[in-house]
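Please look through the model shown here with its sequence, and keep both at hand while reading.

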Amino acid sequence: MLLAFLLLLGGQVLIAPTASASTVDGEISRSEILARANFWVSRNVPYNQGLSTGDVDGRKYRQDCSGFVSMAWHLPTSASTRTLATYGNRLASLDQLQPGDMLLDAGTHSSLFVGWNNSSHTSATIWHESTPGVGTVAANWTRATMGKYVPYSYKKVVGDTATNPNPGILKREVFESASSTGWSALPTGIAGEAVASITMDGVKYIYTVNDGIVYEAASNNNWKNLSTRITSSGGVAATAIDGVKYVYTVNGGQVYEAASNNSWKNLNSGIPTSGPVAVTSMGGVKYVYTVNGGQVYEAASNNSWKNLNSGIPSRGPLAATSADGVNYVYTVNGGQVYEAASNNSWKSLNSGIFSTTGVAATEMGGIKYVYTM
């Protein structure tokens, strides 16, 4: 059996399993526990107590909080929050927690401890399945929140002392879906904290954010990820006009624009946003969409970026594209991607595409492509 390998992405080490080094109910290292957990995390496996999903070897575990921990620990069964404790050794204090350990509220909830966010142990990164229909969540828990749970170490953990692979930030794999294939989702092999996409001259470009830097990958270079050196606090969007690629990022509550013909120099557009940002272009005009107060706003380059409320509700990820004279905006609500169009008064319609953390859209040859994480 092969060991987990380390993938270096934007200076960030991600743990990616090939096949299990451990056996079911056998000894397991902390690195492998995190690698197995990340197999679900990167695929955004949704919480559903009525369904099961395979681990890296295809062995199925229940898609809930205790099933997630059971899968990560390579247990012989999907334990419950009432039986998980039998597989662990109770720790004397939270300070003894190491990556791959468990926080348990018996009969209620369980989560996987990924690592401390600081040397004073006042907050930590936690991975857990917590909400029906929503994928694995990366949370920053304060020590007070963690104090409501009992810490456990798996009885059969051995070897290394793995470090937190994603302190406070969850990277997810980017999947490509196309309207011409019934929105069948295919992995690109690219991972990040935020995603955007464009097409130009028959090439699809994907932009992701990793550790505060925007990376560009193209379909004609096998999606190889290259740093643009553009900084971002999380949001990213992109469009192309007349052979120039424009990337929009968010820093300090403001939207910044950088262009490929100015060496990606970042310029403040003056558009305010609470975080999410999307952009498209049509007829030589760039349209930027942002979220403020749970509503999507539209600003255009031909009206001095004046922000206008479109009436589209959204609280998170946002994407936009244009086709045949129509602007399309994609938002995520309740784990589902909704599509609204400028020719239907921005009425939001459920596309049936599942996503919780990221969405991007582009158009090529009359086909709309939506990317989710």
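This is a predicted model: local features need pLDDT of at least 70, side-chain atom pairs count only at pLDDT 80 or more; totals for chains, interfaces and linings use all residues.

Residues are numbered from 1 along each chain as its sequence is written, and side-chain values use heavy atoms, with hydrogens and water left out.

Q: How many of the residues of helix α2 are buried?
A: Helices are DSSP runs of H or I with at least four residues, strands are runs of E with at least two, and both are numbered from the N terminus. Buried means under 20% relative accessible area, exposed over 50%, and partly exposed in between, with a 1.4 Å probe and protein chains only. The buried residues of α2 include Phe68, Val69, Met71 and Trp73. For the helix, which spans residues 65-73 and is mostly covered, the count is 9 of 9.

Q: Which residue follows α2 with a positive phi?
A: The phi in question is near 65 degrees, and the residue that follows α2 with this value is His74.

Q: What is the bridge partner of Val296 in β26?
A: Strand β25 (residues 295-300) pairs with β24 (residues 285-292) in the antiparallel sense over 6 bridges, and Tyr287 stands opposite Ala300 in β25. β25 also pairs with β26 (residues 308-313), again antiparallel, over 4 bridges. In β26, the partner of Val296 is Ile312.

Q: Which residue in the turn between β24 and β25 has a positive phi?
A: The two strands form a hairpin with 2 residues between them. The phi in the turn is about 60 degrees, and the residue is Gly293.

Q: Why does Glu257 count as buried?
A: Glu257 has its place in strand β21 (residues 254-259). Contact means heavy atoms within 4.5 Å, and, not counting residues up to four places away in sequence, Glu257 touches several residues, among them Tyr246, Leu267 and Trp305. Glu257 counts as buried because its relative accessibility is 16%.

Q: Which side chain makes a polar contact of 2.4 Å with that of Glu257?
A: A polar contact is a pair of N or O atoms within 3.5 Å, where within protein one must be able to donate a hydrogen and the other to accept it, and residues adjacent in sequence count only if both atoms are side-chain atoms. The side chain of Glu257 makes such a contact with the side chain of Lys286 at 2.9 Å. The contact of 2.4 Å is with Tyr248.

Key
Two strands pair if DSSP finds at least two bridges between them.
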